Amino acid sequence: MYLDLPDVDLYYERSGKGPAILLIHGAVSDADYFKACIPVLDKHFDCIGYDRRGNSRSHAKKGADFSMDAQRDDAIALIDALGLQDVVLVGHSAGGLVALDVLQKIPSRISHVILYETPLFDV
């Protein structure tokens with residue numbers, strides 16, 4: 001599925017039922033990075049994976065912004081569009097930086113943050 005945003009068509013996949021988990025991949029990757037764990041997680045959780053802007057199936061439009069702020073705003077737009085509350089954010093590598101930015105922006109809507117191989121030198 002796609003979420004149409006002003007400067008990107010954001011590709012996402014969703015499966016399962018239960019508390020929401022937003023899976024945020026690292027650089028030079030896409031939502032398929034989490035493909036092996038989805039069949040385990042979606043038995044208990046509403047799993048949402050997406051391709052960050054400019055990656056794989058998420059097509060950037062002319063003049064797209066690729067800043068971390070724009071990537072954070074994409075994740076928040078997806079959370080908003082899907083009406084999610086108490087979201088678990090899972091961030092791999094640079095996706096962890098996006099997750100931390102989302103947490104700072106909308107802390108009341110995030111229940112947990114799980115970071116994996118995230119470069120924390122910039123925090």
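**Exercise 1.** In this predicted model, find which residue of β7 stands opposite Val88. Then place β6 among its partner strands.

*Solution.* 
Step 1. Val88 faces His112 in β7.
Step 2. Strand β7 covers residues 110–116 and runs parallel to β6, with six bridges between them.
Step 3. Turn to β3, residues 20–24. Four bridges join β3 to β6, again in the parallel sense. Here Leu22 stands opposite Leu89.
Step 4. Together β6, α3 and β7 form a right-handed β-α-β unit.

**Exercise 2.** Decide whether strand β6 is largely enclosed or open, and explain why.

*Solution.* 
Step 1. Sort the side chains by direction. Val87, Leu89 and Gly91 point one way; Val88, Val90 and His92 point the other.
Step 2. Check burial. Residues on both sides are buried.
Step 3. Conclude. Six of the six residues in 87–92 are buried, so β6 is largely enclosed by the rest of the structure.

**Exercise 3.** Asp7 and Arg53 form a salt bridge. Work out how far apart they lie in the chain, and whether Asp7 and Arg53 are buried or exposed.

*Solution.* 
Step 1. The N to O distance is 2.9 Å.
Step 2. Asp7 sits in the loop between β1 and β2, Arg53 in the loop between β4 and β5; 46 residues separate them.
Step 3. Buried means under 20% relative accessible area. Asp7 has 17%, so Asp7 is buried. Arg53 has 4%, so Arg53 is buried too.

Technical notes. Residues numbered from 1 in each chain as written. Predicted model: local features only at pLDDT ≥ 70, side-chain atom pairs only at ≥ 80, totals over all residues. Heavy atoms only, no water. Buried < 20%, exposed > 50% of the residue type's maximum accessible area, 1.4 Å probe, protein only. Helix = DSSP H or I, 4+ residues; strand = E, 2+ residues; numbered from the N terminus. Pairing = 2+ DSSP bridges. Right-handed = clockwise from strand over helix to strand, strands pointing away. Salt bridge = Lys/Arg side-chain N within 4 Å of Asp/Glu carboxyl O.
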